[in-house]
Amino acid sequence: MNIHTYEKFWLAASMVLIVGFILTITYGTVGIGVAMVDDSGETINPENINDHPKFSSPGVEQVGENEYDVYIQVVQFAFLPTEVEVPAHSTVNIHLTSRDVIHSYSVVGTNANTMVIPGEVAEVTVNVDEPKEYGVICTEYCGSGHHNMEGKLNVVPEEEFEGDSQ
Amino acid sequence: MSLGANSGTYLDQFPDEAKLIRATFYSSFAALFVGALMGLLQVLHRVDILRLIPSEDYYSYLTLHAVLLVLTFTIFFLVGVFTWGVTTSLDRGLEDLRYTWAWYGLMAGGSLLAGITIIGGFFDAIPLSAAVLYTFYAPLQAHPLFYVGLALFIVGSWFAGIDWFRSWWAWKRENPDERIPLPTFMALTTTLFWIISSLGVAISVVVFMIPWSLGLIDQVNALLTRTLFWFFGHAVVYFWLMPAYMLWYVMLPKISGGKLFSDPLARVVFVLFLILSTPTGIHHQYLDPGIAEGFKFIVMVNTMFLLLPSLLTAFTVVASMEHGARQRGGTGYFGWLRALPWRNPVFTGMALAGLMFAAAGFSGMINAGMNINYLVHNTWWVVGHFHLTVGTAVALTFMATTYWFLPQLTGKKIWNKSLGLAQVLLWFIGMTFMSNAMHRAGLAGIPRRTAEPQYSGFDFQPAAGSVAELNMQVVIGGTLLFISTLLFMLIVVMTVRGSKVDTLPANGYAETLSGPEDAPLVLDNLRLWAGIAIALVVLAYALPLASIIGRHGLFGPGGSPSPQFIDTVVFTGQAIFDSLVGVIR
Amino acid sequence: MRISWGGFLVVVAVMVPIVIELRTVFVHLGVEMSIAQTGLLAAVMIGALLAWAVAPDIRGRKRSNEKSE
């Protein structure tokens with residue numbers, strides 16, 4: 001097959017570009033440690049969420065020196081609890097599941113973003129820094145009230161944090 | 001390539017097929033018009049300039065916009081284009097016109113059925129609705145006729161593909177030693193991956209969605225049906241893109257005044273799409289729980305490699321244009337650009353569509369970048385991206401080439417070529433404004449698929465400009481696009497109403513500098529490539545699907561159906577009643 | 001005319017994304033531009049193009065745009 005010289009050069013440059021992109025993403029995964037939402041969360045029956053030991057009383061719970069677990073039920077058309085408060089400079093494991101249809105939990109202005117699928121528990125771990133109030137929205141169409149679905153993730157100074165909020 | 005004694009327009013050569021292609025094109029344009037109108041209404045609703053209907057019903061606008069534009073408009077047009085390509089390059093009419101009109105009927109009937117159920121969502125009096133969006137994720141549930149309509153439409157398109165295979169088989173019997181002509185090769189490879197990939201959504205719709213919406217089964221596995229959708233959902237974009245690529249490869253060089261740079265490389269590109277387009281679907285599910293990170297990583301690598309055939313296309317298309325420009329007398333490193341036929345809307349539309357596609361490819365790489373995707377998933381960035389790809393690379397190419405096809409199909413001249421040029425320029429400019437604003441809005445976190453992106457607890461913070469400014473830019477862009485659409489409709493209608501002329505160019509497509517005889521024979525071995533495509537799909541999907549089915553079985557739990565075909569008032573009332581009951585308990 | 005009217009319109013169309021994106025680039029370099037300023041920049045660029053296209057040929061070189069179509 002007759003390949004023009006310029007085309008060979010272009011092909012080589014394309015491969016370099018593609019491999020470069022792959023390496024960048026790989027660095028994000030293994031270098032910086034940005035993990036993807038995956039299947040390590042448990043499975044759950046959407047109809048029995050209120051039998052689950054953690055989801056039945058959703059909220060914030062301290063599980064380590066600077067580590068907190070948050071359990072959130074996501075429904076048409078709200079996050080329960082709607083406002084979540086966590087202390088600054090901590091690690092927060094957010095566990096989410098849906099009682100009805102597919103939703104998302106998206107912290108506006110950050111990369112904390114996950115789908116919430118009935119039957120699955122989505123787990124994201126975020127490191128929060130300075131005190132700030134973040135808006136949370138559902139970005140996956142979930143029905144006629146979808147645009148009204150919003151919540152808050154409030155990162156408060158450590159002194160102000162009160163413990164379990166439900 | 002002129003066709004000797006049979007020279008003349010396509011209408012002269014293949015009058016029956018021309019009639020069929022006119023039908024597919026007119027169906028396509030009808031869908032384009034209604035879909036574009038929905039787009040305008042959506043943009044005005046979102047920014048709160050004009051809300052003609054309650055926000056609860058916005059999602060019917062959105063479903064109609066997407067289904068009409070990315071399924072009806074695109075696929076009707078492309079089956080017409082491929083029919084033209086196959087018959088012209090094989091110099092042979094279709095095998096059985098009754099079979100052909102039957103698939104057209106399936107597609108038309110399916111579209112009407114789906115369209116009517118969606119439109120029913122606007123009217124409380126009509127017990128039909130399908131406000132589930134183009135992705136129809138369970139447990140959101142549409143009226144059963146929506147799913148039936150989609151299934152008929154897709155099956156009709158399969159039969160169209162088989163029609164082109166029938167033509168090829170018949171031609172091969174009479175021409176056993178010849179290479180497959182390039183346009184036919186492109187139609188066949190596209191058909192192969194289309195059938196392979198749409199099997200996923202066909203299974204989801206026929207085995208799960210239809211029985212479920214009829215009440216025959218209780219639940220469906222939400223993650224499973226979602227995954228089956230995306231099995232199809234990425235490859236479908238290539239189903240739309242391949243006819244545009246075909247036109248860039250076989251029509252653009254000729255309009256530029258020259259020849260296609262390389263036939264063999266064109267074949268390589270289409271083979272690459274055949275084998276790689278489906279095993280990338282999970283990149284639409286990077287943020288889904290229930291799918292292991294390893295599968296997501298593999299899919300990311302596949303997707304990055306899918307950039308290759310598009311980069312090769314960029315080279316070949318530009319090289320062919322340069323060749324044409326130099327044939328027309330262009331000189332210099334860049335001066336040859338001036339020698340191109342910019343006054344011809346067929347050329348300019350395709351060239352601008354290709355240019356915009358380059359930008360789209362890079363925003364696509366961001367989407368494909370697994371961990372980067374967190375920042376853009378389900379935001380308006382994604383919408384900005386696909387308005388550049390399907391909305392410009394595909395739609396603008398289709399509109400621009402209509403200015404060449406319509407005379408060939410009707411025997412009439414284009415009513416006003418200058419208006420045609422204005423139309424394609426207006427589309428490009430409108431899309432620039434709109435898509436740029438969408439990308440920037442998405443980076444600020446503004447969501448897609450939302451009737452009222454105005455929230456009370458926080459503000460969006462764009463990096464440059466303000467939300468109000470972004471809104472204004474989107475409205476300007478959307479309005480320009482709608483005006484461009486109206487212009488296109490006007491030109492088509494006035495052309496069709498005109499009278500026939502004798503002065504039209506003959507039907508044909510570009511010759512090549514490096515022809516099929518330079519292409520290794522193995523490229524034409526469709527069975528081999530289809531086999532590899534299937535093997536790669538099995539490799540990419542067997543384990544993830546097995547894992548998903550293992551977690552909850554084939555049928556759930558997926559949660560109770562959330563019917564979007566019950567009157568909104570009734571549904572909201574039901575929800576209020578349930579909460580009250582919950583409080584009392 | 002150094003460029004056909006069709007070509008001129010196309011160059012103007014291609015300038016639109018360039019000007020819009022330039023504004024975002026400038027923000028990242030610390031320079032903020034209002035809409036009015038952006039519009040002015042676009043007008044200046046188009047004006048320059050127009051001037052180049054119609055300027056008389058001082059050096060007497062043969063430069064005419066090729067016949068199109």
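The legends below describe close-up views of a predicted model. Local features need pLDDT of at least 70 and side-chain atom pairs count only at pLDDT 80 or more, while totals for chains, interfaces and linings use all residues. Residues are numbered from 1 along each chain as its sequence is written, and chains are lettered from A and ligands numbered from 1 in the order in which they are written.

**View 1. The contact between chains A and B.** Of the two pairs of chains that touch, A and B have the most contacts; two residues are in contact if their C-beta atoms, placed from the backbone, lie within 7 Å. Chain A contributes 54 residues and chain B 63 residues. On chain A, at least two residues each come from α1 (5-32), β6 (103-107), β7 (113-116), β9 (132-137) and β10 (150-156). Helices (H or I, at least four residues) and strands (E, at least two) are DSSP runs, numbered from the N terminus. The largest share of this side, nine residues, is supplied by α1(A). Its classes are 22 nonpolar, 22 polar and 10 charged residues, where Ala, Val, Leu, Ile, Met, Phe, Trp, Tyr, Cys and Pro count as nonpolar, Asp, Glu, Lys and Arg as charged, and the others, Gly among them, as polar. Chains A and C are not joined by any contact, and their closest C-alpha atoms lie 17 Å apart.

**View 2. Strand pairing of β6, β9 and β10 in chain A.** Strands pair if DSSP finds at least two bridges between them. β6(A) and β9(A) run antiparallel and are joined by two bridges; Ser106(A) has Ile137(A) of β9(A) as its bridge partner. β9(A) also pairs with β10(A), in the antiparallel sense, over six bridges. Here Val136(A) stands opposite Gly151(A) of β10(A).

**View 3. Helix α10 of chain B and its cover.** The 14 residues of α10(B) (263-276) should span 20 Å at 1.5 Å a residue, and the end C-alpha atoms are 20 Å apart, which agrees. The expected span is 1.5 Å times one less than the number of residues. Of the 14 residues, 12 are buried, among them Asp263(B), Arg267(B) and Phe270(B). A residue is buried if 20 or more other C-beta atoms, placed from the backbone, lie within 10 Å of its own. The cover includes α6 (182-213), α8 (235-250), α11 (293-305), α12 (307-327) and α18 (526-552) of chain B.

**View 4. Helix α11 of chain B and its cover.** α11(B) has 13 residues and reaches 19 Å between its first and last C-alpha, close to the 18 Å expected. Lys296(B), Val299(B), Met300(B), Asn302(B), Thr303(B) and Met304(B) are buried. Their cover includes α1 of chain A, along with α10, α12, α13 (345-368) and α18 of chain B.
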